[in-house]
Amino acid sequence: MAWSQDEERMLLQIERHLIDEDPRLAARLESFNERVQRKEGAGRRRGTKKGRDRSSRRLRRSTVIIMFSWLLIATLIATLLVMVLRHEAAAALPL
């Protein structure tokens, strides 16, 4: 989606103000942007099978962690429900 002329003008004003107020920060941001662009470009060029294997391994590892977390949460909820039901049943018994 393209920027409107007003948005572009405001962004340019903000950029000029930033450069005038803090040139060191502006230089750092520019350097960061260049590094990110280089890294993204290298990733696109390198789209090899090895990179895909590594990301799918990460996906599998994170999936296992998420599944284990859900299992732990479900176990804790079930344990709490059992404890509450036992407590209510014990409280309902006549003395």
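Which of the elements of the protein has the lowest mean pLDDT, and which the highest? Helix α3 has the lowest, at 80, and α1 the highest, at 87. Here pLDDT is the predictor's confidence in each residue, on a scale from 0 to 100. Across the protein it averages 81, and 80% of the residues score at least 70.

A word on ground rules. This is a predicted model, so local features need pLDDT of at least 70 and side-chain atom pairs count only at pLDDT 80 or more, while totals for chains, interfaces and linings use all residues. Residues are numbered from 1 along each chain as its sequence is written, and side-chain values use heavy atoms, with hydrogens and water left out.

Now the fold. You'll find three helices and zero strands, which along the sequence reads α-α-α. Helices (H or I, at least four residues) and strands (E, at least two) are DSSP runs, numbered from the N terminus.

Buried means under 20% relative accessible area, exposed over 50%, and partly exposed in between (1.4 Å probe, protein chains only). The accessible surface comes to about 9,500 Å², with 63% of it belonging to carbon and sulfur atoms.

Take helix α1 (residues 5-21), where aspartate 6 and arginine 9 sit three residues apart, about one turn of the helix. These two form a salt bridge, with their closest N and O atoms 3.5 Å apart; the rule asks for a side-chain nitrogen of Lys or Arg within 4 Å of a carboxyl oxygen of Asp or Glu. By that rule the count is one. Aspartate 6 is partly exposed at 48% relative accessible area, and arginine 9 is partly exposed too, at 43%.

Over in helix α3 (residues 49-92) lies isoleucine 66, partly exposed at 47% relative accessibility. Together with Trp70, Ile73, Ile77 and Leu81, Ile66 forms a nonpolar surface patch with about 530 Å² of accessible area.

Methods
Areas by Shrake-Rupley, 256 points an atom, 1.4 Å probe, with all protein chains shown as cover. Patch = residues over 30% accessible without salt bridge, like charges linked within 9 Å, V, L, I, M, F, W, Y side chains within 5 Å.
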